Amino acid sequence: ITGGLANVSVVVNMIMAGMSGSSVADAAATGTILIPAMKKAKYPAGMAASVIAASATIGPIIPPSIPFVLIGSMTGVSIGRLFLGGAVPGFFMGLMLLITTYLIARKRNMAKDSKFEGKELLLSARDAVLCLLMPIVVLGTMVLGIATPTEAAGIAVAYALFLGGIIYREFTWSSLKEALRNSAVTTASITFPIAGASVLGWVATSEQVGPKLAQLFLSITDNPLLIMFMINILILLLG
């Protein structure tokens, strides 16, 4: 179809969102492969980058999500419920991006991508099926109550090590050392903001900032939609 490769990029980012939980990780993983592929297929460089940038924002919304884990750990909200709350909005974000990408490609009279080959799809699916099971493993263990989000993450790591080291035989000791080093740096960089946010959260709780804000909003209006709008404006300014 017209704009097919761009729509593939959106779908791939939705699948990646179910593995990484990070927009930066999604953009890095998919952009390095799909931006050159789109440019080779005569997509404008700006459009190729924009498609990846926009679709990567689904990363923290479709579960599992790193920000949901951080929010849940800082506020005491159920991480499993946060994950379930992000699934439908994430899906609809992807759907709207697919429609938008198709309409833009059609308006610009972009050439259709290579002819669809059912056999090639089946062969690719056969090679990728074990990797694509990872989101199911992660979410399934949490939804069924078999594992907590932390334990599910451990299961995902063990599953990835099994696939990379035994099934595909592409994992080496040097790549393991590099992955551990990157993981340590990333974890440390996240831990400092969490520590600061925890202190701020404690102060906000002791000073009853939440009830005071709620009282402020309710003094202006009791319309739920207007209150949601004001909360979103506040979050936007804080961001």
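Arg169 is found in the loop between helix 8 (149-167) and helix 9, where helices are DSSP runs of H or I with at least four residues, numbered from the N terminus. Although Arg169 is not a glycine, its phi is positive, at about 55°. With a relative accessibility of 67%, Arg169 counts as exposed, on a scale in which buried means under 20% relative accessible area, exposed means over 50% and partly exposed lies in between (1.4 Å probe, protein chains only).

This is a predicted model, in which local features need pLDDT of at least 70 and side-chain atom pairs count only at pLDDT 80 or more, whereas totals for chains, interfaces and linings use all residues. Residues are numbered from 1 along each chain as its sequence is written, and side-chain values use heavy atoms, with hydrogens and water left out.

Helix 9 (residues 173-206) has 34 residues, which at 1.5 Å a residue should span 50 Å, and its end C-alpha atoms are 48 Å apart, in agreement with that value; the expected span is 1.5 Å times one less than the number of residues. Gln208, which follows helix 9, lies in the loop between helix 9 and helix 10. Its phi is near 55°, a positive value in a residue other than glycine, and at 49% relative accessibility Gln208 counts as partly exposed.

## Helix 10 and helix 11

Two packed helices are described by the angle between their axes and the distance between the axes. Helix 10 (residues 209-220) and helix 11 (residues 224-238) pack at an angle of about 130°, with their axes 10 Å apart; axes are lines fitted to C-alpha atoms, for helices over the stretch in contact, and angles run from 0 to 180 degrees between N-to-C directions. Helix 10 and helix 11 are therefore oblique to each other, given that angles under 35 degrees count as roughly parallel, over 145 as roughly antiparallel, 65 to 115 as roughly perpendicular and the rest as oblique.

In this pair, Leu213, Phe217, Leu218 and Ile220 of helix 10 meet Ile227, Met230, Ile231 and Leu234 of helix 11, contact being defined as heavy atoms within 4.5 Å.

## Helix 3 and its neighbours

Helix 3 (residues 45-56) has 12 residues and reaches 17 Å from its first C-alpha to its last, close to the 16 Å expected at 1.5 Å a residue. Buried in helix 3 are Met47, Ala48, Val51, Ile52, Ser55 and Ala56. These residues cover an arc of only 160° around the axis, which puts them on the same side of helix 3; the arc is that of the directions from the helix axis to the C-beta atoms. Helix 1, helix 2 (23-40) and helix 5 (79-107) are among the elements that cover them.

The axes of helix 2 and helix 3 come within 9 Å and cross at roughly 155°, which makes helix 2 roughly antiparallel to helix 3. Residues in this contact include Ala27, Gly31 and Leu34 of helix 2 and Ala48, Ile52 and Ala56 of helix 3. Helix 3 and helix 5 pack at an angle of about 170°, with their axes 11 Å apart, and are therefore roughly antiparallel to each other. Here the contact is made by Met47, Val51, Ala54 and Ser55 of helix 3 and Leu97, Thr101, Ile104 and Ala105 of helix 5.

Thr2 is placed in the segment before helix 1 (4-20) and is buried, with a relative accessible area of 13%. Leaving aside residues up to four places away in sequence, Thr2 touches Tyr102, Ala105, Arg106, Met110 and Lys112.

Key. Helix = DSSP H or I, 4+ residues; strand = E, 2+ residues; numbered from the N terminus.
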